[in-house]
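These are my notebook entries on one structure. I set down what I looked up, in the order in which I looked.

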Amino acid sequence: MNALRGSVAPLRQAVLNTARGQPKGFTRNMSGGTIEEEIAEMGKWRTVTAIAVPPVLAWSAYTINHMLNHHPEEPENPAYSYLKKNDKRFPWGDGATSLFTLGH
């Protein structure tokens, strides 16, 4: 156990010395830039957002409007004799509609 403490002690001392070397109130900037660089970067992304968002919103509104107002023509299904073959009446309802028939 003493050997473990002896090997950890220099690391602990190095961490304490590094922490003591920092000025009071020091906060580490995680991106590595100065505050002026960070403000400039924030301004750049605000400008990019202000330029990019209106065209994207306009395109989205146009696309949604087009999708809601222009329905594609559905092809009419051929009336094959084997598609809806009912030899017996169904035991529910009027007997002609299946259990999963849609009401439209």
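In which helix is M42 found? I located M42 in helix α2, residues 35–69; helices (H or I, at least four residues) and strands (E, at least two) are DSSP runs, numbered from the N terminus.

Basis of the entries. I worked from a predicted model, in which local features need pLDDT of at least 70, side-chain atom pairs count only at pLDDT 80 or more, and totals for chains, interfaces and linings use all residues. Residues are numbered from 1 along each chain as its sequence is written, and side-chain values use heavy atoms, with hydrogens and water left out.

Entry on the chain. I noted 2 helices and 0 strands. Of the 104 residues, 2% count as buried (under 20% relative accessible area; exposed is over 50%, partly exposed in between; 1.4 Å probe, protein chains only). The chain exposes about 10,400 Å², of which carbon and sulfur atoms supply 63% (Shrake-Rupley method, 1.4 Å probe; for residues, only the protein chains shown count as cover).

Entry on helix α2. I found that α2 has 35 residues and reaches 50 Å from its first C-alpha to its last, close to the 51 Å expected at 1.5 Å a residue (1.5 Å times one less than the number of residues). At A52 the helix bends by about 25°, and the proline P54 follows within four residues; the bend is the angle between axes fitted to the seven residues ending at a residue and the seven starting there.

M42 is partly exposed, at 43% relative accessible area. With I35 and I39, M42 makes a nonpolar surface patch of about 300 Å²; such patches take residues with over 30% relative accessible area and no salt bridge, nonpolar side chains (Val, Leu, Ile, Met, Phe, Trp, Tyr) being joined within 5 Å.

Entry on charges. I counted 1 salt bridge, defined as a side-chain nitrogen of Lys or Arg within 4 Å of a carboxyl oxygen of Asp or Glu. E41 and K44 form it, at 3.1 Å from N to O. These residues are 3 apart in helix α2, so about one helical turn separates them. E41 is partly exposed at 36%, and K44 is partly exposed at 40%.

Entry on rings. My search of the whole structure gave 1 aromatic pair. The ring centres of F90 and W92 are 5.3 Å apart and their planes lie at 20°, so the pair is stacked (rings of Phe, Tyr and Trp, its six-membered ring, pair if their centres lie within 6.5 Å; planes under 30 degrees apart are stacked, over 60 edge-to-face, the rest tilted). F90 is partly exposed at 26%, as is W92 at 34%.

How values were computed
Patch = residues over 30% accessible without salt bridge, like charges linked within 9 Å, V, L, I, M, F, W, Y side chains within 5 Å.
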